Amino acid sequence: MTARVIITAPTKAKKGEIVTVTTLLAHVMENGFRHSSTGVPIPRDIVTEFVARYNGAEILRASLYPAIAANPYFAFEFVAEESGILDFSWMGDNGFAASRQIAINVE
Amino acid sequence: MTVLGSRILAGLFGVALAPLAELRAGEIPFAELRSGSELMSPDTRAMQDADSANPGMLWVIEGEALWNAKAGAANLACADCHGAAELAMRGVAARHPAFDAKRNQAVNLAGSIEWCRVERQKAPALTAEGPEALALEAYVARQSRGLSIASTDAALRPLIESGRELYLRRQGQLDLSCAHCHTENWGRKLAGLALSQGHPNGYPLYRLEWQSFGSLERRLRNCLTGMRAEPYPAGASEYLALEAYLKWRAHGMPMESPAVRP
Amino acid sequence: MTTRRQFLEGAGALTALSVIHLRAAQATPVAMQAAIDAVTGGAVLRPGRVKLDIPPLVENGNSIQCTVSVPGPTPASDRVRALHLFNEKNPQPNMFGVRFGPRAGPAKFTTRIRLAGTQTLVAVAKLADGSFWVDRVEVVVTLAACVEDP
């Protein structure tokens, strides 16, 4: 199954406007410090990196550690310059990779 | 009303139990019903209120995909028979558990979905409380958000009555009943957390403590463990009885699923 | 009949058991300092500019929303290059590090974190002129995040 993602951003913005994006990703973020009920350590399984791009150039790149809560939520801002594509990607342990693109119309 | 007074009233009206406002004997009066969300911090409340921030929506969107996916030997999607969930499932969660006259038994929402899956889609049963079952329940329950819980089916009365008996029964090493916490001590702090009135209006929901999405049954298992009582086995009829009673005592409260709780 | 007082004492005693005990290998302020040094190269941290917004009292350590930002206008000379968040008690001191790219907007990043108990959090901002700025906030956690069993 493809990773479940919820992205919230306006579809339209004025040139120069500061736009807020929020992202939610379904992921356990198993921190690697816990044990099962039988005492066996549960291996770490987290998202280690998140990248947001606007028409190919980076808005930001985040390194993530086990302290990030399950089902990671991010909110950040960028300045609308021209119409185009916002691209979000998540990478993590065990080859985890997810990405989403959305379009934004700048007037 | 004093506890003693309410006990006497409970005895008096117990036989005449009906899902009607004036007969909420021994229970929190309608005007004083408070959702668990009212006792949460503003941050947790904000997380519940915004779809963009509510992790429960991750289960809702998966449920939506499942609603539209063909399954089983019948090769039918839920949507093929029911159409748009926004219309077909509106209010359905708010009136479950319901009495299925054809089968002559009460069912909760998970049970109704399960019945359609097995009998109508001719598909293998989904694992109870597994990710897909929870996702479908989340999506169906979402269509009742903001609608009032309606516990009005007279056929449910015997079940509500047995749920009520379980709710008042002292259990476990601490010799507590559900009422000790949720009827008599709600609003007080227990280990830093305000005790709620114990309503089912947010379920299924995202609980921070679970770091995941879960059913009302899971919450009830947590409470039984907290009482140092042995939880009933998964899927036991006691959970259905408790759920029917909890819905009855929460009659009229707006549904919040997918809610968020600490 | 159980009085309210007796009831609360009994119930409080049992829920104390559910408060998770930390393993010995937790991050100490020393480990946190090492993690900060790894980012700053030992440069001086100046208080100010950067701001950590987080509720002072949280219900559950498993998910706490917080925002690290450098408020106000930022001329090109002191553009914000990165924002970091550290803690002293989780098993690991690093929480996140955000580097801003060419398309960066206002320097501001919000996420939800886990906290294994009451502790001080440290937010660090790196500016284009090479300076580092710091904000420290103490957070009281009533129910710690699970670092032990699920």
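A residue counts as exposed when its relative accessible area is over 50%, as buried when under 20%, and as partly exposed in between. By that rule C81(B), with a relative accessible area of 57%, is exposed. The model is predicted.

**Cysteines**

- A search of the whole structure finds zero disulfides over all chains.
- A disulfide requires two cysteine sulfur atoms within 2.5 Å.
- For C81(B), the closest cysteine sulfur belongs to C116(B) and lies 7.6 Å away, which is too far for a bond.
- The sulfur of C223(B) is likewise too far from a partner for a bond, because the closest cysteine sulfur, in C178(B), is 7.4 Å away.
- C223(B) is partly exposed, since its relative accessibility is 24%.

**Second largest pocket**

- The volume of the second largest pocket is about 730 Å³.
- The pocket is lined by 35 residues, and those closest to its centre are N108(B), A110(B), G111(B), E217(B) and E243(B).
- In chain B, strand β2 (105-107) and the helices α6 (109-120), α7 (131-142), α10 (216-226) and α11 (237-249) each supply at least two lining residues.
- The most comes from α6(B), which gives six residues to the lining.
- By residue class, the lining has 21 nonpolar, seven polar and seven charged residues.

**Three-stranded sheet of chain B**

- An open sheet of three strands in chain B has the order β6-β5-β7, with mixed pairing.
- Its edge strands, each pairing on one side only, are β6 (212-214) and β7 (259-261) of chain B.
- Direction ignored, neighbouring strands of this sheet are turned by 35° against each other on average.
- Three bridges join β5 (residues 205-207) of chain B to β7(B) in the parallel sense.
- Y206(B) has V260(B) of β7(B) opposite it.

**Strand β8 of chain C and its partners**

- Strand β8 (residues 119-127) of chain C is largely enclosed by the rest of the structure, because seven of its nine residues are buried.
- β8(C) runs antiparallel to strand β5 (residues 80-87) of chain C, and seven bridges join the two.
- Within β8(C), K126(C) is the bridge partner of A82(C).
- β8(C) also pairs with strand β9 (residues 132-141) of chain C, in the antiparallel sense and over eight bridges.
- L121(C) stands opposite V137(C) of β9(C).
- β8(C) and β9(C) form a hairpin with four residues between them, and G130(C) in the turn has a positive phi of about 90°.

Key: Residues numbered from 1 in each chain as written. Chains lettered and ligands numbered in written order. Predicted model: local features only at pLDDT ≥ 70, side-chain atom pairs only at ≥ 80, totals over all residues. Heavy atoms only, no water. Pairing = 2+ DSSP bridges. Axes fitted to C-alpha atoms, helices over the stretch in contact; angles between N-to-C directions. 1 Å grid on protein atoms, 1.4 Å probe; cavity = no way out; pocket = protein on both sides within 12 Å on 5 of 7 lines; lining within 4 Å. Points joined across faces, edges and corners; volume = space filled by probe spheres on them. Nonpolar A, V, L, I, M, F, W, Y, C, P; charged D, E, K, R; others polar. Buried < 20%, exposed > 50% of the residue type's maximum accessible area, 1.4 Å probe, protein only.
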